[in-house]
Amino acid sequence: IEPARSFVVVSLAEAEHIRAYIHRSVACGEQRCCIALRAVGLHDGAVDVGPGFTACPAGFQSVAAEQACRFLDCHTGSFRASQLAHLKRLFEGVDPEALAAWWERARDCRRRSPLPRQRLPIGPFFLTDQQLCVHHAEVSIVHVRRVCLQRRVAAAAMFQSWSQGAQAASTDSIASHLAELGLAPTQARALARAADPGVTGTVTCAAFAELIGATPALSQPASRGRGSNAGEGGAAEAIRGRARTASTAVPVASMAELEIRGDGAWEVKLSSGGSTHLSWTSKHYACELVSMWRVAGSVKGASVQVPLGFQASRGMRSPTPVLLSVRPARRLKLPTLTPDPAPTQRWVDRALPFPVAFRLLWSVIAAEPNQSSMYVWRPVPPSD
C-alpha cells in the first residue's frame, strides 16, 4: 500500500471539472499534484492522466478501490472470489447484517436486479466466516457431483484414484486434487475441511463419499445406519446435513443449472435438433482446424425453440444443435387446431431477455487476404 496515494469517489460534475484541470495542466506544464481520472469497469484504464502521474501497481490498493466503488454502486454481477475477498478485507469488522441492510436500501434506489441477494454473485460477501465456509463447501459439493456424472464414476472410486487405493489421505492432498477439478483454492480447502470434521488432518474415503452423497445412476443410496454425528459441530455438521438431504437432487443437463423456471404454465427443457450455419473457420490459420456454427431457432406449433448461442466444433463437421424448448404445460387445455406461439414467445421474451451490451473476451485479427477475423463477445444481462 502506498501511503501517499488516495482514491476519491467524485460525482459526474466534479469529474468534468477535474478533467478540465488535467487538460489545462498538460497545456500549461503545471504540476501541482499528480492526478488521474478513472471509471469503474475500465480494468485499470484511466480516462485522463495528468503530468507526472505514475500508475498504481496491481495489488490490494487498486483492486480494493475499484471493488469498493462497484459495491457502493450496488453492482450485482461478475464478482469473482478474489474480488469478494478484497471486499471482505476492506470491510473487516463491519457487521454483515448491518452492511446487507444498507446495501438493500441503496439497491432499491437503483435499477438493479430484484433477485434476493443470496442468489446473486455478491451474496457470499454478506455471510459470516462460518456461513461462508458452508457456502464454499456446498458449491464445491455440487461441482464434484457434476464431475462424477460427467466421468461416470462414483465419489469413492474418485477418492481411491487420488489416494492410490488407500482408504485415507491428508487434507492438503485432497484439497489439491479438488482444485484440479476446477474448484477455486478457497472452495477446495473448505470442502476438504468439511470432510474432516474431527480436524485430524486426514480425510477417509467413507467420509468423503458420504459428504458428496450418492450419485444417481452410479451408485445406490448409502445406508443411514451408521449412527448420528452429534459430536461433529459447527460448519462441518451443517454442510454434511445439507449434503445428505440433497444427495438425490443432482441434475443431469437439467434446467436447475440454468436457473429457469416455467412458472407452472410452461415446460422448459434442453433439446437437440434444428439447423446450423457455418459462421467462421480457422482453415487459413496455422493452427488446429476449428469451426464456429450459428444455431437457428424455430417455432413448432405453440412450442418455441430458443438457441443458446454459437457452437464450436473441431474440424468442419457440424455440431449437434442444443436449444431451449419452451412449450405450454400439458395440463393446460389449449386449442389444438391452430396453436398460437405468441403466448410462449411473450414468456420467452420476459424470462430470457436480450443482452443490454457485449464485452469482448477474445479475438483473432486477420493478417492475410484469405483469412477472416473472429471476435468472441460475452453478453451482459440486464441485471448486471
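Are Phe71 and Phe126 buried or exposed? In this predicted model, both Phe71 and Phe126 are buried. The two residues also form an aromatic pair, and the description of the structure begins with such pairs.

A pair of aromatic rings is described by the distance of the centres and the angle of the planes. A search of the whole structure finds nine aromatic pairs. In one of them, the ring centres of Phe71 and Phe126 lie 6.1 Å apart and the ring planes meet at 45 degrees, so the pair is classed as tilted. This pair links distant parts of the chain, for Phe71 belongs to helix H2 whereas Phe126 lies in the loop between helix H4 (96–108) and H5, and 55 residues separate them. Phe71 and Phe126 are also members of a cluster, linked by ring pairs, that includes Phe91, Trp102, Trp103 and Phe125.

Another pair is formed by Trp162 and Phe208, with centres 5.8 Å apart; the planes stand at 65 degrees, and the pair is therefore edge-to-face. Here too distant parts of the chain are linked: Trp162 is in helix H6 and Phe208 is in helix H9 (residues 205–212), 46 residues apart. Trp162 and Phe208 are both buried.

Attention then turns to the strands. Strands of a sheet pair through backbone hydrogen bonds, either parallel or antiparallel. Three strands of the model form an open sheet in the order S6-S7-S10, with antiparallel pairing. From one strand to the next, the twist averages 35 degrees. S6 and strand S7 (residues 290–295) run antiparallel and are joined by five bridges. Across this pairing, Leu278 stands opposite Trp293 in S7.

Empty space within the model was examined next. Rolling a probe the size of a water molecule over the atoms shows where empty space is left. The count comes to one cavity of 30 Å³ or more, and the largest cavity has a volume of about 30 Å³. Its lining consists of 10 residues, of which Tyr21, Ser25, Cys33, Ile35 and Pro51 lie nearest the centre of the cavity. By type, the lining residues of the largest cavity comprise five nonpolar, three polar and two charged.

The second largest pocket has a volume of about 1,000 Å³. It is lined by 35 residues, and Phe7, Val8, Ala36, Leu37 and Arg38 are those nearest its centre. Helix H1 (12–28), strand S1 (36–38) and helix H2 (60–72) are the elements that give two or more residues to this lining. The most is given by H2, which supplies six residues. The lining of the second largest pocket divides into 22 nonpolar, six polar and seven charged residues.

Finally, the backbone was considered. Most residues other than glycine have a negative phi, and most peptide bonds are trans. Arg152, which is not a glycine, has a positive phi near 55 degrees. This residue is found in the loop between helix H5 (129–151) and helix H6 (155–162). With a relative accessible area of 52%, Arg152 is exposed, because the cut-off for that class is over 50%. Val199, likewise not a glycine, has a positive phi of about 50 degrees. Val199 is placed in the loop between helix H8 (185–194) and strand S4 (202–204). Its relative accessibility is 71%, so Val199 also counts as exposed.

Definitions and conventions:
Residues numbered from 1 in each chain as written. Predicted model: local features only at pLDDT ≥ 70, side-chain atom pairs only at ≥ 80, totals over all residues. Heavy atoms only, no water. Pairing = 2+ DSSP bridges. Helix = DSSP H or I, 4+ residues; strand = E, 2+ residues; numbered from the N terminus. Axes fitted to C-alpha atoms, helices over the stretch in contact; angles between N-to-C directions. 1 Å grid on protein atoms, 1.4 Å probe; cavity = no way out; pocket = protein on both sides within 12 Å on 5 of 7 lines; lining within 4 Å. Points joined across faces, edges and corners; volume = space filled by probe spheres on them. Nonpolar A, V, L, I, M, F, W, Y, C, P; charged D, E, K, R; others polar. Buried < 20%, exposed > 50% of the residue type's maximum accessible area, 1.4 Å probe, protein only. Phe/Tyr/Trp six-rings, centres within 6.5 Å; stacked < 30°, edge-to-face > 60°.
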